[in-house]
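Trainee: I would like to learn how to read a fold. Please take me through one.

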Amino acid sequence: MLICVALPRLAISPEHGQLTGTGLEGVYQSGRRLLSRCQLRVAGREPVAMQSGLVSADRARFIGVLRTPAGTGPDPGISVERLRDADGTERITLRSSVGRALRLPVEIALGTDLASLGAVAAGRPGPELRASVHDSGMRWSAGPDAHTVVTADPPPKDALASAGILRWDLELAPGASRTIELRVRSKRPARSSGRTGSRPFSEAWAEGDDPRLQALFSASLGDLKALLLRDPGGSADVYLAAGVPWRCGPAPAEALWAARMALPLSTRLAAATLRTVARTQLLGPGPDFGRIPGPLRDAGPHLPPRCTGVEATLAFPAVLAEAWRWGLPERELAGLLPVAERCLQWLRRATGAEGILSEPGPSGVQCAETQAHAHRAALLGADLLEAYGRPGADVSREWAGALRERFRERFWIDDRTGGRPALARLAGGRPLPHLGAGAAHLLDTGLVGGGQLAPGLLDKVQTGQLAMLLGGPAVDSGWGLRSLGTMERGHNPYGHRAGAVRVHDTVVAVAGLAGAGYEMEAVPLLRGVLDAAEAFGYRLPEMYAGEQRTAGGVPVPHPAACRPAALPAAAGIHLLATLAGIRPDAPAGAVALHPVRCAPFGAVQLSGLRVAGEPFAVRISRLGLGMVEEAAEGLQLGV
């Protein structure tokens, strides 16, 4: 399928371009299918599909050909180009290469069920609705609040409502072309947030010796723009939907992590996402005061479902602190700092005397990944509190230091091979030894002042051991890290958190390993993700099968993966920023470069980024040396 996205609208098309009403095919708006069939026939025949592909995140192009009715040879005389946009517009252009004038009957059959995306996905869309002739096209209705209108320019010669057919007789001179434009509209027009004048991203670009880097950066940026949604509360703020087609609604934790990885493009998205999430913070009396709500999600075969609201609560102070380092204006930070304080207060209350955060509910499970998020929130949040003269900075740092000691004592499992971090501890204290990509979050320590990374939960020896484990064949598929290693009980290469490759986890591992000085382990993972991106046309899905890479093979898609999705799109930006090693400290007026020294893809240049609110460009030479090409006035290059 080719998926064109400009949320809240999208168009899902098969590779041949004809919308037949099969499966998910159709044009959608806000979760409702506005058009399910759009089948073109010229002179009584369907064009022969020759080529198709995405022109951009929101537009697909389909090329077909036809032999003329009187043609006797094998060569087609007519080409048909269809440009289909996520907003419901389609331009159908017929071009003639015949040496005489042609009169061609053209017919387009339209239909819809006005079904919800959920009903379509479940295989229960309902019957097609009966059409009525409307203006220069067709109209369908399913009650007072649901209708679709398709208009055509030029208007059709005939319209047959009972079959939903529009007809034209087109005159084509030798070498000439004619275009029919269709527009699909609903009762409530919706404009894509990514197409408004207030886009939260800079117009950045990448170039270098390896052209795949430019392709990945461009596709990732396009997908991020396509996934923007407006705050449902009615403000002008935007955030990233989790993914298309299944998860177009709010997902606070994923929106925050994606905004964090997109910080090199601008702090505007992070600020808008933080404000949107802040409006949901629980402020009523009780133990949940300060927590951000969120649904439960599957955590794999060995753990109970985890609360995404806890993850969002822990992400909030870290994302705010790093946005501050990248140059978030003080006027925007001032309104968000109290929200971060409440998140940190909730964290300290929720951990209690033991100082380790348990998952909500009766299970009492303590997940290692959750401790990494909590530790990062406490350290980065403390920097913010101290910088703005707010109480609690020393308490947060002391709490984080105590967590480090407890984690190294209780979550590290020693064995003959050097040990490993536990996946989690059960209520009785028994560690779960299962290893997977989630352990990479222990390497994601966060950015602090002076271009430095915060200390992590693991000591130096443990970090080196984890680097070795992540690079081993049980976890590294060759296309990225498996969410659960092949040697672990319950492994399933298609399991979301049981063995599939989740791009976000792998890119977190690349950045964490490179930051800790383990380039030898980071580069193969980086290459694997880039090779996978090439196989997926540079639109990375949120996950794909954790099958082992073989010579000449390609990554196996996951049937339920969102594509495009916010986290892998933002991960594409983060991956290239990791290559350059950009570590800003805008409050101190400085930026440090720590590029990957082995320069695995040769020379790389990133332009149009934003640091301290101004354009920023950096170039990495083939020798792995970083040079700032453009920066805000007065911004100093640190070590």
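Mentor: Begin with secondary structure, taken as DSSP runs numbered from the N terminus: helices are H or I of at least four residues, strands E of at least two. The protein chain has 12 helices and 35 strands.

Trainee: How does the radius of gyration of the protein chain relate to the globule rule?

Mentor: The radius is taken over C-alpha atoms; the rule is 2.2 Å times the number of residues to the power 0.38. Here the radius is 27 Å, close to the 26 Å that the rule gives for 639 residues, so the chain is as compact as a globular protein of that length.

Mentor: A caution on sources. This is a predicted model: local features need pLDDT of at least 70, side-chain atom pairs count only at pLDDT 80 or more, and totals for chains, interfaces and linings use all residues. Residues are numbered from 1 along each chain as its sequence is written, and side-chain values use heavy atoms, without hydrogens and water.

Trainee: What percentage of the residues of the protein chain count as buried?

Mentor: Buried means under 20% relative accessible area (1.4 Å probe, protein chains only); exposed is over 50%, partly exposed in between. Of the 639 residues, 57% count as buried.

Trainee: Is α12 mostly covered or uncovered?

Mentor: Covered: 14 of the 15 residues of α12 are buried. Just after α12, G581 takes a positive phi of about 65 degrees.
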